[in-house]
Each structure stands twice: as structure tokens, then as C-alpha cells.
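Here is a short report on side-chain links in one protein model. It moves from charged pairs to sulfur links and then to rings.

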Amino acid sequence: MEKQKNIIIGFALLMFTMTTSCKDTSALSSNSEKKQGWTQKERTNFLEGCFSSAKTSFEKGGQTPDKELITKICICAGKELEAKYGSFEEMSKVNSEEMRNIMVNATKKCASE
């Protein structure tokens with residue numbers, strides 16, 4: 001489990017880079033109010049990016065990607081990020097240390113369920 005946790009942390013940093021470079025400007029409202037919650041498209045984009053990054057991290061770490069585990073952790077992390085930051089735009093501003101902490105907590109919380 002420790003090796004998997006380290007791999008998950010590695011992909012969290014990749015995810016952070018991906019989410020900050022792929023902001024969905026359509027999530028911004030025209031009247032400058034911050035939108036709360038993610039759209040289904042934003043959730044899907046997050047999960048696809050998370051899964052892809054995790055799979056790559058597992059492979060680089062010499063492990064076979066565990067699709068069920070990765071999916072569980074990505075869903076959990078997405079829920080945590082959405083609950084904590086509200087909008088996808090705000091989540092994309094999360095620094096790498098905070099993203100790492102969220103991924104570690106999601107791994108601890110959800111990997112064993």
C-alpha cells in the first residue's frame with residue numbers, strides 16, 4: 001500500500017499541472033460571480049485526467065495499474081476537491097502541496113473501502 005500511495009502522490013502532482021494548464025473558461029459566469037459546484041463535463045474531465053495520470057504513474061513505478069483502485073481514489077479526490085473549493089476554477093488554483101495532501105487523504109480514505 002505504501003508504494004501505491006507514493007505513486008498516487010506522484011500522479012497528484014501531474015494532475016495539478018494538468019488542471020492548472022487546462023482551465024475551462026466556460027465555467028466562469030458572465031457576471032463575475034463564482035459558480036459553485038462542477039458541471040458533469042468538468043467532473044468527467046477531472047476523472048479522465050486523474051485516471052490517465054495515475055495509470056502513467058503506476059506504470060512508471062513498475063506496477064500494473066489497478067483500475068478499480070485508481071477509479072476509487074480519483075472519484076474520492078474529485079469529491080473532496082469539489083466540496084472544499086466549490087468551483088472547478090477555484091480548484092485549478094490549488095497549489096501542488098495542497099493537491100498532494102488531498103490525494104494522500106483520498107488514498108487513505110478511499111483505497112481501503
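E59 and K55 both sit in helix 2, four residues apart, or about one turn of the helix. Helices here are DSSP runs (H or I, at least four residues), strands are E runs of at least two, and both are numbered from the N terminus. The side chains of E59 and K55 meet in a salt bridge, 3.0 Å from N to O. The term stands for a side-chain nitrogen of Lys or Arg within 4 Å of a carboxyl oxygen of Asp or Glu.

This is a predicted model: local features need pLDDT of at least 70, side-chain atom pairs count only at pLDDT 80 or more, and totals for chains, interfaces and linings use all residues. Residues are numbered from 1 along each chain as its sequence is written, and side-chain values use heavy atoms, with hydrogens and water left out.

How exposed are the two partners? E59 counts as partly exposed, at 42% relative accessibility. K55 is also partly exposed, at 34%. The classes are set by relative accessible area: buried is under 20%, exposed is over 50%, and partly exposed lies in between (1.4 Å probe, protein chains only).

## Other salt bridges

The structure holds five salt bridges. One of them joins the side chains of E80 and K109, at 2.8 Å from N to O. E80 lies in helix 3 and K109 in helix 5, so this pair ties together parts 29 residues apart in sequence. E80 is partly exposed at 32% relative accessibility. K109 is partly exposed at 47%.

K93 and E90 form another salt bridge, with their closest N and O atoms 3.2 Å apart. K93 has a relative accessible area of 48%, so this residue counts as partly exposed. E90 falls in that class as well, at 23%.

## Two disulfides

How many disulfides does the structure hold? There are two. A disulfide is a pair of cysteine sulfur atoms within 2.5 Å. C50 is joined to C74, with an S to S distance of 2.0 Å. The pair links distant parts of the chain: C50 is in helix 2 (residues 40-60), C74 is in helix 3 (residues 67-85), and 24 residues separate them. The angle about the S-S bond of C50 and C74 is -85°, a left-handed link. Both C50 and C74 are buried.

The other disulfide is formed by C76 and C110, whose sulfur atoms are 2.0 Å apart. This pair also links distant parts of the chain, from C76 in helix 3 to C110 in helix 5 (residues 96-110), 34 residues apart. Is the link of C76 and C110 left-handed or right-handed? With 55° about the S-S bond, the link is right-handed. C76 and C110 are both buried. Counting bonded cysteines along the chain, the disulfide pattern is 1-2, 3-4.

E42 is found in helix 2. Is E42 buried or exposed? E42 is buried, with a relative accessible area of 1%. A polar atom of the E42 side chain lies 2.8 Å from the backbone nitrogen of T39.

## The aromatic cluster

A pair of aromatic rings is described by the distance of the centres and the angle of the planes. Rings of Phe, Tyr and Trp (its six-membered ring) pair if their centres lie within 6.5 Å; planes under 30 degrees apart are stacked, over 60 edge-to-face, and the rest tilted.

The structure holds two aromatic pairs. W38 and F46 make a tilted pair, 5.4 Å centre to centre with 55° between the planes. W38 is buried at 5% relative accessibility. F46 is buried too, with a relative accessible area of 1%. The rings of W38 and F88 have centres 5.0 Å apart and planes at 80°, so this pair is edge-to-face. W38 lies in the loop between helix 1 (2-21) and helix 2, and F88 lies in helix 4 (residues 88-91), so the pair ties together parts 50 residues apart in sequence. F88 counts as buried, at 6% relative accessibility.

Which residues make up the cluster? W38, F46 and F88 form one aromatic cluster.

Notes: Polar contact = N/O pair within 3.5 Å; in protein donor to acceptor, adjacent residues only side chain to side chain.
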